[in-house]
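Please check each point against the view as you go.

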Amino acid sequence: MASKTAAPAESEAPAKKSKKPLLLGAVVLLLVVAAAVWFFVLRAPADAEAAAEEPEPEKGEVVTLEPVSVNLADGSYLRLGLALQQTADAAHEADGSEALDLAITTFSGRTVEELAKPEVRDELKHQLLEQVEHAYHDEVMDLYFTEFVTQ
């Protein structure tokens, strides 16, 4: 009989749990955190590397263009004057006709109220600069408004 009562006592003893799954989970978590730190903090961004390789171009001539009148959406008009900042290694003075055409396309159809907002005007100038840089094969590095009058 003693053997019958001893068996249930042995089965009631708690089984030892293995710590391997807990240790494995901790190692995986540590690897994920280390990878995230490397990716977001230690790794140099691709843009920073590209900027470090390519120096800022030197300023060259500024080509001032004759102002143009642009029709706006509400029957008003915009008198727009531009100047193109060329790079020092530009082969020749830029012909402004393409820049003026791009400016007319960019600003026509806008309202006076829209152009009165500085953030809208800055965004349109940025768009125009990207188009001009592409059109002049990066020989123009900036543009300036010499006139900006709405009526």
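**Notes on the fold and its aromatic cluster**

1. From the N terminus on, the elements of the protein run α-α-α-β-β-β-α-α-α-β, which comes to six helices and four strands. Helices (H or I, at least four residues) and strands (E, at least two) are DSSP runs, numbered from the N terminus. This is a predicted model, in which local features need pLDDT of at least 70 and side-chain atom pairs count only at pLDDT 80 or more, while totals for chains, interfaces and linings use all residues. Residues are numbered from 1 along each chain as its sequence is written, and side-chain values use heavy atoms, with hydrogens and water left out.

2. On the protein as a whole, 23% of the 151 residues count as buried, where buried means under 20% relative accessible area, exposed over 50% and partly exposed in between (1.4 Å probe, protein chains only). The protein exposes about 11,000 Å², of which carbon and sulfur atoms supply 58%; these areas come from the Shrake-Rupley method with a 1.4 Å probe, and for residues only the protein chains shown count as cover. Of the contacts with a separation of 6 or more, 68% are between residues 24 or more positions apart, contact meaning heavy atoms within 4.5 Å.

3. The largest nonpolar core has 24 residues, and those touching the most other members are L82, L84, F107, L128, V132 and Y136. Strand 2, strand 3, helix 4, helix 6 and strand 4 are the elements that give two or more residues to this core. A nonpolar core is here a set of buried Ala, Val, Leu, Ile, Met, Phe, Trp, Tyr and Cys residues joined through side-chain atoms within 4.5 Å. As a general point, nonpolar side chains tend to be buried together in soluble globular proteins.

4. Which residues of helix 4 are buried? In this helix (residues 97-107) they are A99, L100, L102, A103, T106 and F107, and they lie on the same side of helix 4 because they cover an arc of only 160 degrees around the axis, the arc being that of the directions from the helix axis to the C-beta atoms. An α-helix has 3.6 residues a turn, so residues three or four places apart point the same way. The cover over the buried residues of helix 4 includes strand 2 (68-71), strand 3 (77-87), helix 5 (112-116), helix 6 (118-135) and strand 4 (140-150). Helix 4 is followed by G109, whose phi is positive, near 85 degrees.

5. T106 is buried, with a relative accessible area of 7%, and, not counting residues up to four places away in sequence, T106 touches L124, L128 and Q131. F107 is buried at 0%, and its contacts, leaving aside neighbours within four places in sequence, are V70, L72, L78, L80, L115, L124, L128, F145 and F148.

6. A search of the whole structure finds three aromatic pairs; rings of Phe, Tyr and Trp (its six-membered ring) pair if their centres lie within 6.5 Å, and planes under 30 degrees apart count as stacked, over 60 as edge-to-face and the rest as tilted. The rings of F107 and F148 have their centres 5.9 Å apart and their planes at 75 degrees, so this pair is edge-to-face. Because F107 lies in helix 4 and F148 in strand 4, the pair ties together parts that are 41 residues apart in sequence.

7. F107, F145 and F148 form one aromatic cluster. F148 counts as partly exposed at 22% relative accessibility, and F145 is partly exposed at 24%. R121 lies over the face of F148, at 5.4 Å from the ring centre, and the charged end of K125 sits over the ring of F145, 5.3 Å from its centre. A charge sits over a ring if NZ of Lys or CZ of Arg is within 6 Å of the ring centre and within 35 degrees of the ring normal.

8. A83 lies in strand 3 and counts as buried at 3% relative accessibility. Leaving aside neighbours within four places in sequence, A83 is in contact with V62, V63, T64, D142, L143, Y144 and T146; A83 and T146 are 63 residues apart in sequence and 6.6 Å apart in space, C-alpha to C-alpha. V63, in strand 1 (residues 59-64), is buried at 5%.
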